[in-house]
Every structure is written in C-alpha cells, then in structure tokens.
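Please walk through this protein with me, from its overall layout down to a few individual side chains. I would like an explanation that can be followed with the model open alongside.

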Amino acid sequence: MGKLFIMKHEHVFKDETNRYSRQVQFKPIRENGLEKIKAGRVLVVGCGGIGSISSEILARAGVGYLRLVDRDYLILSDLQCQMLFDENDVREGLPKAIAAKRKLRKFNSTVKTEAHVQDVNRNTIEELTADIDLVMDGTDNFRTHYLINEICVKNKIPWIYGDCSGATGETMTVIPGITPCFQCVFKTDNKAEKSRRSENEGIIAPAVSVIASIQCAEALKILSGNRDNINKVMYSIHLWENEFQVIDVAESRQRRDCPVCDYHQFNYLNGKYGTTYASLIGNNAIQLIPFESSEINLMEAAIELSTHGDPLYNEFVLRLKIDEYEIALFRDGRAIIRGTSDVAIAQDLYANYIEN
Ligand SMILES: [Zn+2]
C-alpha cells in the first residue's frame, strides 16, 4: 500500500510579498504605503455589522495590529448582516470580539489581533485607544460616537465615523485639528439620535457594506500616508430611495466655537452626559433618570433579568441584587442604584442590565 500525501501548499506562504502584490500595484500605495499599512495600529470599536466588514478588509490589507472591542455575544439574527461570522460561531455562543479574532487569523495570520470583550465607555476608552493610530467606528449609538470623538480629539487620533440604520448610512472622516469633528457637525447632543432614528427600523446588509467600505478606503488613505486624499465631506446614503448625498461640513468649523475642538469640554469623557441624569441620594445611592423616558413593563423586565439573579418586583418597582449593589427600577425607567456613590459605576450597571 502506497502512502497518501495531502498537499498543503505551505510553500505559497514563503514569499509574503505575493500576498499584497495587487495592493502594491495600486500607485498611491506602492511598497512604501504597504510598509506604513503594515506598521499601522487600529482600534475597531464594535464588531457587529460595520466592524465585522472593516476588520476583515483591514486584516486582508495587512494592517499590522488590530484591537477589536465588542461587549456582545453572537445570536442567530446577527448573521444576516455581520459578514465575519457563521453558524458555528452562533452555536458556540461566542462573544463577537473573540469570534472576529479567530476568523481574521484565517484570512491573514501575519496580522496581530487583540480581542476585548467589554463595554466602551468613559472608564474603558482611554486604555482601549492607547498606542492606536486610527479608530474605526462601528457602533450604533450617538453616545458612543460622541465619546469616541472626544477621546480622539483629546489625544489627536484620526477616527472614521460610521452609522447605519434601515437602508441608510452615514460616514465622515475626522482628523483632529484639521477637519470638523463629530461635535462640530452634530451639535445637539442627546436630541440628535432621537430625531434621526426610530427604534425598530431594522437594517439591510448592503447599507452596512457600503458605509464600512468607504470607511476602509479612508483608513487605507490615512495609514498609507495619503492624508491629502481623505474625504472632507459627509456621505449620507439611502439605498432604498436611491439617494447619495454629499454634505459639505466645512462650514461647521467656520465659527470656531466647538465645545470639543475649541474649548476641550469633554462632557462624555467626564461623565457629564450619559444616557441618564445622575444624582446622589444620601451617601451611598445614585438615582438615574433616562433622558428619554419610556414605560417599562416590570414583569417582562423581571423575566429578562432573572438570568442575572432573583429579581423581586411588584407593580411599582423591580429590585435586583448584583454583587454588592442593588438596582431598583421604576416603571418610568428611573432607577436607584444602592451600594455606590460613584456615578460611573451606577451608569455602567444601568447600561449593562437595564438598557440592554
Ligand atoms: Zn469640533
């Protein structure tokens, strides 16, 4: 009996220059640009729809280091537009950041990846953006867009805003000190999101793909040393209504009165803005009142929260112990968090257990 050998074609990886030959043929990049891309360190915030596409494109393009952060784990409904993942990832119930890291390694094992399963908030963002050259935004709420904007302006890190909903999407590139920032363009903090988006809009994958692809082109320009080519407008698309808008944002810098760019007021980083108004009650409890109140069904909330403990509830209030804290949730969304006098801890508990 002869032995059976399975050819593995390992030799094709010996000459690594082959991997990027087509990208190097592209004149604005060439060898020099590729070397810069390989030296690039990028943070991908959110590994859902947008982040799943942008991390794949950047890994294939040879970005040397990708830090991936996402607080969520995979469920079946994610597969429709989160291109990096498959049914096995859902079966394993993997956190998105971990599944993304595993998948990216299969596309390009030379790229160094680091996965963080955590929430992006004012307590975590400083460390997540440390030693990073560029931040790719793949988040879906304005609070996080503002937060990313503040840390990037503060530490002069370029970032690329992206947001999708339904068949629509927007993207804009922010080079702190050079282009308008997110706050320059979206001046009205907490009201902005509400006016632009209704909760149950759903999403279609093509909108995500278009926005993520534009963001990646911007990333390659910045990383390869072609900053002159960056997009200085905001793109706004509506794929169902066939609208492709180019919005001039330059005038938003003319008055030079941006709280973030000009006055360095970092209200999200400093905890002044969250999704809730916080106030201290007594010496060891914090009351949080949501900016946008809505009637909460406490029985349904109790069922959902029963995975985290044994919630007690009546028709007025639900109480749940989490470690040394107790969350008391009222029907109007207001909560009292006992066991802390730290607003950030209270807001994080609220964000993790009540908002999600
Ligand atoms: Zn600004």
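How many residues does helix H10 have, and how far does it reach from its first C-alpha to its last? In this predicted model, helix H10 runs over residues 205–223, which gives 19 residues, and it reaches 26 Å between its first and last C-alpha atoms, close to the 27 Å expected at 1.5 Å a residue. Just after H10, Gly 225 takes a positive phi of about 85°.

Further along, Asp 228 has its place in the loop between H10 and strand S7, which covers 233–238. Asp 228 is exposed, because its relative accessible area is 71% and the threshold for that term is over 50%. The C-alpha atom of Asp 228 is separated by 36 Å from that of Asp 72, and these two residues are 156 residues apart along the chain.

At the level of the whole chain, the protein is divided into domain 1, residues 17–253, and domain 2, residues 276–355. The C-alpha centres of domain 1 and domain 2 lie 32 Å apart.

Another aspartate, Asp 137, lies in strand S4, which spans residues 134–137. With a relative accessible area of 1%, Asp 137 is buried, because that term applies to values under 20%. The side chain of Asp 137 makes a polar contact with the side chain of His 145, at 2.7 Å. Leaving aside neighbours within four places in sequence, Asp 137 is also in contact with a set of residues including Val 45, Ile 50, Ile 148, Trp 159, Tyr 161 and Gln 215.

Asn 149 is found in helix H7, residues 142–155, and is buried, with a relative accessible area of 0%. A polar atom of the Asn 149 side chain lies 3.1 Å from the backbone nitrogen of Phe 182. When neighbours within four places in sequence are left aside, the residues in contact with Asn 149 are Trp 159, Val 174, Cys 181, Phe 182, Gln 183 and Val 260.

A search of the whole structure finds 2 cavities of 30 Å³ or more, and the second largest cavity holds about 30 Å³ of space. The residues that line the second largest cavity are Met 172, Thr 173, Thr 179, Pro 180, Asn 231, Lys 232, Val 233 and Val 249.

How values were computed
Residues numbered from 1 in each chain as written. Predicted model: local features only at pLDDT ≥ 70, side-chain atom pairs only at ≥ 80, totals over all residues. Heavy atoms only, no water. Domains from an automatic or database assignment. Helix = DSSP H or I, 4+ residues; strand = E, 2+ residues; numbered from the N terminus. Expected span 1.5 Å × (residues − 1). Buried < 20%, exposed > 50% of the residue type's maximum accessible area, 1.4 Å probe, protein only. Polar contact = N/O pair within 3.5 Å; in protein donor to acceptor, adjacent residues only side chain to side chain. Contact = heavy atoms within 4.5 Å. 1 Å grid on protein atoms, 1.4 Å probe; cavity = no way out; pocket = protein on both sides within 12 Å on 5 of 7 lines; lining within 4 Å. Points joined across faces, edges and corners; volume = space filled by probe spheres on them.
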